[in-house]
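Subject: A structure for you to look at

Hello,

Here is the structure I promised you. Please open it and keep it on screen while you read my notes.

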Amino acid sequence: MDTHTVYQLFSATYHSDPNVQKQAEGQLRQVEGTPGFISILVQILGSEEIEVQTKQAVSIYLKNRVRSSWVSEEVTTHNIIPIEQQDRDTFKANILGILVTVPNPVRVQLLDTLNRVLANDFPNKWADYINQVHAFLGTNDAKMAYVGLLALLQVIRVYQWRIEDKSPLVEIVQSSFPITLQMAQSLCNENSLDAAEMLRIIMKAYSIAIQYELTQHLQDNSSLVPWVTLMLQIVEKHIPQEMLSEDLEERQKFIWYRVKRRSCQNLNRLFSRYGNPAQIGQTSKYTAFAENFVQQFGPQILRVYLQQTDRWIKKETWLSQKVLFFFAEFYRDALTHKLTWQIMKSYAETLVTHFIFPQLCFTEEDEDLWVDDPVDYIHKRLDPLEDFSAPVAATITFLMNLAKYRNKFIFKKILNFINNVLETYRDAPPESKDPRQKDGALKMIGCLADLILRKKSGIAHHMEPFFTAYVFPEFQSQYPYLRARACDMLMRFNKMDFENKANLAIAFRGVTTCMRDTELPVRVQACLSLQFMIQHESVRNALIPSLPMIMQELLNLTNQIDADTLSGVMEEFVEVFSEELTPFAIQLTEQLRNTFLRIMQDYQDSAAVPVSGELITSTELDISDKTMAASGVLKTITTLLLSLESTPELLSRLENALLPVITYSLENAIIDLYEDIFDIIDTCTFSTKQISQTMWGIFELIYKTFKDTGIDYIEEIFPSLDNYISYGTQFFIQNTTLQRMINDIVETVMTSDRLNESERICGCKLIESILLNCRGVVDQYVGPFIDLVFKHLSNTKSTSLTNFKFYCIEAVINCLYYNPLLSLHILEERNLTQTFFSIWFDNIKKFSRVHDKKLVVVTLCSLMEIPVEQLPSILQTGWPQVLEVILTIFKSLPKAEENRNEMEKMYDNESDDDDDDGEADGESENRGDQAVGDDDGWEDDEDVQDEDAEYLEFLAREAARNARSTTDEEDDDDPLEEEILFESPLDKLDVYIRFHDVFVGVQQHYPTSYNLLTKNLDPEKQNLIMKIINIANERRKNSENHTNENDNV
């Protein structure tokens, strides 16, 4: 096929007639495997005569073709035709030159393509790539140099997330960074946008290179000094006012400020990750580097930041929010080291009053967003996840760490400043009041709430009068953001106890009034505050008459804001007021269902938008917000269902109401909601202890979901499947289609290479559930189950047993218990009897839980009921060991039952412990949590121990200790713990009585077996058997008495 024909086909792909488009796309699919086809595309892209639209169509096609087909020629992939080597060579020889000539929309696609090729071929199959890049970087042609930088960035990106061998990156840095450094030093003196863009790429490349490791080359002063000097020059660089847009949003994104931001990020990373001894920990391999860096560069960076901050305070320069974010981030880290703190100390008050405070005040931008788009304001200002990444977040963290770690020097000064702002506002005439400043002062003190309320702060008792003087009046403020702030303050100080109950009543009235406010953000903030107020009994009692109205308002607000901001509030209300909401359960469930379906309809409508023939996720539509909002609604539904656990008849009615929620999510494969959906299915089926026709109606949908998109969610799906088998046994054993579905799930879980050992445990548990619940009716699956399990047990060493292989052993034990003769016959046929019993008995101590021990006893009892002559010879030889294993289990069973009973008590009392915050005595366990005002707090000339670094060091030590103690790479699982909510048919079976009956029966009916079993019994074991028999007789008597008492009632 010639170049002109291919050109015409691609031109037709954006023809106005869809039929012409479809025909062209079909022809392209027919010829794409032709040798030389990619070379033709390269010619089209390199031609200056081809229009941009066609080149863009070619670049998108090429990107997708490379993504799917640039694989090793040795690899055979279904329905994929690998790209010929000649075409690959042509692409590599021409791509950099093409990047110079194509327009930016095409270049963006081709850079992605280049990155994919590099990920597959560099360095082994494209050894001269770096030389090509260096040739472009060394030219005097600005466009070629620019492409050289882009090409360098792409190869560095290949190693950004790579964990394995990163030695090629070390070589790239060592050979290329001196070149880019020289370029950057020259570009820094220019003001052009092109120079800024090239600098941005250089800073981005440096950022990726130091993201997780700092190579020795970059640690050396010969490299470090010029790079740090360059980045500080960029931070200090004056941006001419005439270059800045009047539009604030455009100004925030201005290219030179993006370069400044990236430079700050690099400097901060060098300091916090590698260069601050107070943060990196004593075991870090960068300790020596850090000691040098903090002395040589820490003060230098700090002084430049402080100078720029001072100019910003004096309005001599403008700084973007991202730059301010990185300044605050550096200040937060710099205060931890004594050297940098000594420099900061004299600036600390200024930073509090003129750097932190203005950023916390309600701004004109905040007000514009509040008025123009209150929903977006809620997402950006009230959503905790959004707030975490907001520029002001670093400023708040800086304030909190400053007050916490340098409290002796600064904390009281911060409080005095806040008090002065509030008093000034209170005393000023109305026309002179600045409500924005009051909002900033209240927000400031709200950030310090945890420190203030500690028992040793010395000021906690002042907060109630503070609220009456400065917070409560704002419930009636003319400024909506101050009404919201009053609600927010109650949320921040939720651990504060009101000594005067009249003040609590004022707070409650204020919040409930704000719930009816005309402004949406005020109503949302009031609801968030109310969640924390219900800890007070008087508030709970006052709310009871209004609960339906409040829940309706929460649902209405969730519908309006499409985010999970209020999901926690709804869950809390459903949990706290479960009894009071029971009469409204159906109505509430229906409202929650309708809210969910409405959100999901919006999600489906906006899930993707077509662009250039592709479907791309639209960030503008905030789809993630919708899924999070839907998830929040589902969690509220689950909490409601759990609260109704004692009313199974009501739960059965709720299943019908929730059916559309379940079917919609599974039929549309909303994967992000699978965990919540299967929680609901599990809760419905477990709480009612039966499977209704409604729930059986969705079983096939669950199966299809598992097969299509749900295999990775088997751990979330398993509890529901177990419930279907356990509580719908009669229907299940009568329906062979259901049995085939479950068997297929088991087989898939045990064989799919997509699942790990931990996930395969679900397959073993399903086998157990089937065999324990369906005794006598699923013989046809015993053989396949044993075969599936032994695919994983065949190479098991008796000295090493992972948790998964333990469950594999239990699966075979369940087969033996289900039908001993059938299972033994299958094991014998496959020559596995000796192998299995050796693994089982050698690991008998692993059977530590009550269920495990009972399963062993009942299975071995079932074997004991078989005449010894009918057993395989290997079992006959070791027959006395069967009784010894049973006695070993009985010896440890009482302790296991005691442990389980204790865990059940702990589980039952868990809700009583939720209110215990671990600091009832006001003491802290480590210096990092030192309370404000303590005499033994951090000294001003000390380094501050970084809690994150301490924790990481602890993890490193534990990992090293575990590595030393591990003698086999497979023996790496934690001991199995009791599953308190696990139920099985064995729960009702008394193993003492079962053993007694079998032991006596063998003695009476099978004397040969009995004599062989007991021939090795010593006096201690004989006494243990008598003890077991006595316990059995006592339990049988108690059981008979209990039965007689029930008959007489």
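This is a predicted model: local features need pLDDT of at least 70, side-chain atom pairs count only at pLDDT 80 or more; totals for chains, interfaces and linings use all residues.

**Two helix pairs**

Two packed helices are described by the angle between their axes and the distance between the axes. Helix 1 covers residues 3-12, and helix 2 covers residues 18-31. They pack at an angle of about 140°, and their axes are 8 Å apart. Helix 1 and helix 2 are therefore oblique to each other. An angle has to be over 145 degrees to count as roughly antiparallel. The crossing of this pair is left-handed. Which residues make the contact? Helix 1 brings Leu9, Phe10 and Ala12. Helix 2 brings Val20, Gln21, Ala24, Gln27 and Leu28. By class, six of these residues are nonpolar, two are polar and none is charged.

Now go to helix 52 (residues 879-908) and helix 56 (residues 1007-1014). Their axes lie 7 Å apart, at an angle of about 65°. The range from 65 to 115 degrees counts as roughly perpendicular, so helix 52 and helix 56 are roughly perpendicular to each other. Helix 52 passes helix 56 in a right-handed crossing. On the helix 52 side, the contact residues are Trp879, Pro880, Val882 and Leu883. On the helix 56 side, they are Ser1009, Leu1012, Leu1013 and Thr1014. This contact has six nonpolar residues, two polar ones and no charged ones.

Most residues other than glycine have a negative phi, and most peptide bonds are trans. Here are some exceptions.

- Phe122 and Pro123 are joined by a cis peptide bond, with omega at about 0°. Pro123 sits in the loop between helix 6 (104-121) and helix 7 (129-137).
- Lys689 is not a glycine, yet its phi is positive, near 55°. Look for Lys689 in the loop between helix 39 (674-688) and helix 40 (693-696). Its relative accessible area is 36%, so Lys689 is partly exposed.
- Asn831 is not a glycine either, and its phi is also positive, at about 55°. Asn831 is in the loop between helix 48 (820-829) and helix 49 (833-842). Is Asn831 buried or exposed? Its relative accessibility is 67%, so Asn831 counts as exposed.

**Two buried side chains**

Thr340 lies in helix 19 (residues 338-345). Thr340 counts as buried because its relative accessibility is 0%. What does its side chain reach? It reaches the backbone oxygen of Ala334, at 2.5 Å. Leaving out residues up to four places away in sequence, Thr340 touches Phe271, Gly298, Pro299, Leu302 and Ala334.

Leu634 belongs to helix 37 (residues 623-643). The relative accessible area of Leu634 is 0%, so this residue is buried. Leu634 and Glu675 are 41 residues apart along the chain, and their C-alpha atoms are separated by 9.8 Å. Which residues does Leu634 touch, not counting residues up to four places away in sequence? They are Phe596, Val661, Leu673, Asp676, Ile677 and Ile680.

Best wishes

How values were computed. Residues are numbered from 1 along each chain as its sequence is written. Side-chain values use heavy atoms; hydrogens and water are left out. Axes are lines fitted to C-alpha atoms, for helices over the stretch in contact, and angles run from 0 to 180 degrees between N-to-C directions. Helices (H or I, at least four residues) and strands (E, at least two) are DSSP runs, numbered from the N terminus. Angles under 35 degrees count as roughly parallel, over 145 as roughly antiparallel, 65 to 115 as roughly perpendicular and the rest as oblique. A crossing is left-handed if the near helix is turned anticlockwise from the far one by less than a right angle, and right-handed if clockwise. Contact means heavy atoms within 4.5 Å. Ala, Val, Leu, Ile, Met, Phe, Trp, Tyr, Cys and Pro count as nonpolar, Asp, Glu, Lys and Arg as charged, and the others, Gly among them, as polar. Buried means under 20% relative accessible area, exposed over 50%, partly exposed in between (1.4 Å probe, protein chains only). A polar contact is a pair of N or O atoms within 3.5 Å; within protein, one must be able to donate a hydrogen and the other to accept it, and residues adjacent in sequence count only if both atoms are side-chain atoms.
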